[in-house]
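Student: I've got a protein model open and I'd like to learn how to read it. Could you walk me through it?

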Amino acid sequence: MKTSWRWLLVCVTVLLTMLHGSAVQERRVVRISAERFSFTPSRIALAVGEQVDLVVTSDDTAHGLRIEGTDVDLTIPKRGPGEIRVTVSFDKAGRYEFACSRMCGAGHNYMRGEIIVREPAAQ
Amino acid sequence: MQKKWAIAGALQGLLLLGMPAAGRAQGSGLSGYMELHYNKVEPQDAILDFHRFVLLMSHSFSPRIRFVGELEVEHAIVEGLEDKGELELEQAYLDFLLTRSFNLRAGMMLVPVGIINERHEPPVFNGVERPFVDTVIIPTTWFEAGVGAHGEIGNGLRYRILATAPLDAAEFNAAEGIREGQQHGAEANVRNFAATGRVEYLGIAHLTMGASFWAGDSSFSVRGVDSAVKVAEADARYHRGPLELRGEFAHVSISDADRLNAALQRQIGVSPNVASAMRGFYGEAAYRIWNAGAPRDLVTFVRYENFDTQYRMPEGFVPLKLYDRDAWIVGATYFPEPDIAVKVDYVRLANQSGITKPSNGFNVGLGWWF
């Protein structure tokens with residue numbers, strides 16, 4: 001009887017650990033650095049439906065981050081400890097441009113990148 | 001297959017150009033930068049110069065059609081000729097953003113040659129004044145009217161290519177090279193167009209590499225002369241943590257310089273002694289010694305420059321050694337705020353002349369971007 005209880009306790013512990021593990025499974029994080037007049041990286045690949053956290057910092061002045069096909073249009077704080085973190089996910093495959101949306105100097109319009117979203121099989 | 005994608009993308013971009021603006025993408029903006037300088041060149045009196053007051057205007061007609069304008073007052077006051085100051089329309093263009101890899105631009109534009117010409121906001125470069133190579137070999141701020149295309153291919157390969165009005169060789173001289181030859185889009189002669197372009201590769205972390213060219217027939221105002229000017233340039237910037245390294249090399253060649261000098265001598269009475277080749281290069285190392293974020297943000301730097309506006313002379317002309325110059329610049333930039341730069345530097349200039357010695361200088365600058 002005592003052995004059965006022990007087995008039950010072990011099984012419940014394993015099950016809870018598995019459930020907890022899947023619940024806190026972290027999303028992929030892509031770190032982007034912005035500076036006059038580029039994003040690095042400027043090309044990001046995702047799978048359809050994949051949720052990705054974009055963490056964006058600036059190495060100089062304040063920039064903007066606008067992502068085509070989404071509501072994302074945020075200000076990236078000036079160089080320092082600040083950052084923006086935004087979760088993106090796309091339902092359709094395709095190319096989604098992102099660009100600096102805050103005038104940052106003579107090369108502002110060069111400051112663009114793209115998110116390439118592919119069907120999972122095509123990854 | 002990729003070509004099909006590119007054509008389809010460009011066509012889609014053209015269709016999108018006509019679409020109404022979407023939400024926050026439409027609107028106008030005002031930004032700019034300013035530079036106040038204290039210059040003490042030995043043994044002259046020191047000067048206080050509000051060197052640049054620059055306003056940038058931008059407007060998005062739609063997310064894909066944008067206007068950018070830049071109006072600059074140099075040396076605070078514009079009075080008659082250039083002895084006091086200049087009012088310059090350095091940029092006024094429309095960008096037609098078709099796809100990431102292909103976009104069109106037309107209007108008054110910065111010539112995409114070198115590090116500084118397109119990146120000259122005060123917090124972006126070290127030193128109170130711009131590098132000598134970016135002043136007398138590459139004539140920053142170099143701007144001209146024209147049309148062109150730009151874009152980015154893959155992960156970090158960028159290009160821009162422009163057709164602009166050419167330089168006017170009648171204005172070249174020994175000390176400042178091709179600088180005074182800019183037409184600045186002011187009723188510019190375009191009997192021949194000049195071609196200019198730049199490629200940049202940003203695909204390696206922390207490193208930016210670039211190469212630029214400019215080529216054009218520049219003798220339209222000097223009869224009987226066929227002077228083609230070619231500018232070739234290469235540069236690199238490496239930035240990792242507190243360390244930043246940058247280097248640039250630029251070479252200018254002028255064909256038919258002997259006949260150009262002879263023709264100009266007939267016009268103005270003295271030969272301008274224009275070289276057949278000019279050359280300059282520099283290397284700079286900077287280190288962020290206080291890196292705790294503004295206002296605890298201090299960068300020190302050292303730069304060596306070598307520049308010669310008479311690097312090669314046409315046959316029968318002797319190079320003047322006072323134009324074969326080099327310079328050491330040491331200084332610091334303090335950032336009380338990321339967009340405000342307080343700069344100080346010391347410039348030690350030398351030349352190869354045994355007669356004329358250049359003056360060293362001490363500079364303090366306050367620059368800001370908003």
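## Reading the model together

Tutor: Let's start with a pair of strands: in chain A, strand β8 (residues 94-99) is joined to β9(A) by six bridges, and the two run antiparallel. Before going on, note that this is a predicted model, where local features need pLDDT of at least 70, side-chain atom pairs count only at pLDDT 80 or more, and totals for chains, interfaces and linings use all residues. Residues are numbered from 1 along each chain as its sequence is written, while chains are lettered from A and ligands numbered from 1 in the order in which they are written.

Student: What do "strand" and "pair" stand for here?

Tutor: Strands of a sheet pair through backbone hydrogen bonds, either parallel or antiparallel. Helices (H or I, at least four residues) and strands (E, at least two) are DSSP runs, numbered from the N terminus. Two strands pair if DSSP finds at least two bridges between them. In our case, Tyr96(A) stands opposite Ile115(A) in β9(A).

Student: Which strands make up the open sheet of five in chain A?

Tutor: The order is β3-β9-β8-β5-β6 (chain A), and the pairing is mixed. At the edges you find β3 (43-47) and β6 (73-76) of chain A, each pairing on one side only. On average, neighbouring strands of this sheet are turned by 20° against each other, direction ignored; the axes are lines fitted to C-alpha atoms, for helices over the stretch in contact, and angles run from 0 to 180 degrees between N-to-C directions.

Student: How many helices and strands does chain A have?

Tutor: One helix and nine strands. Along the sequence the pattern goes α-β-β-β-β-β-β-β-β-β.

Student: How much of chain A is buried?

Tutor: You count neighbours: a residue is buried if 20 or more other C-beta atoms lie within 10 Å of its own, exposed if 12 or fewer, and partly exposed in between, with C-beta atoms placed from the backbone. Buried residues make up 33% of the 123 residues in chain A.

Student: And how many residues does each chain bring to the contact between A and B?

Tutor: Two residues are in contact if their C-beta atoms, placed from the backbone, lie within 7 Å. Chain A gives 22 residues and chain B gives 30 residues. On the side of chain A that touches chain B, the elements giving two or more residues are β2 (38-40) and β9 (112-118) of chain A. That side divides into five nonpolar, eight polar and nine charged residues. Here Ala, Val, Leu, Ile, Met, Phe, Trp, Tyr, Cys and Pro count as nonpolar, Asp, Glu, Lys and Arg as charged, and the others, Gly among them, as polar.

Student: Over to chain B. Which strands does β8(B) pair with?

Tutor: Strand β7 (residues 157-164) of chain B is joined to strand β8 (residues 194-201) of chain B by eight bridges, antiparallel, and Arg158(B) stands opposite Glu200(B) there. β8(B) also pairs with strand β9 (residues 207-217) of chain B, antiparallel over seven bridges. In that pairing, Tyr201(B) stands opposite Met209(B). The hairpin of β8(B) and β9(B) has five residues between the strands, and His206(B) takes a positive phi near 75° in it.

Student: How should I read a positive phi?

Tutor: Most residues other than glycine have a negative phi, and most peptide bonds are trans. His75(B), not a glycine, has a positive phi of about 60°; His75(B) sits in the loop between β3 (65-74) and β4 (86-96) of chain B. Asp256(B) also has a positive phi, near 60°, and lies in the loop between β11 and α3 of chain B.

Student: Are those two residues buried, partly exposed or exposed, and why?

Tutor: His75(B) is partly exposed because 18 other C-beta atoms lie within 10 Å. Asp256(B) is buried because it has 20 other C-beta atoms within 10 Å.

Student: Where are the cis peptide bonds you'd point out?

Tutor: One joins Thr140(B) and Thr141(B), with omega about -5°; Thr141(B) is in the loop between α2 (133-137) and β6 (143-153) of chain B. Another runs from Ala294(B) to Pro295(B), with omega near 10°, and Pro295(B) lies in the loop between β12 (277-291) and β13 (297-312) of chain B.
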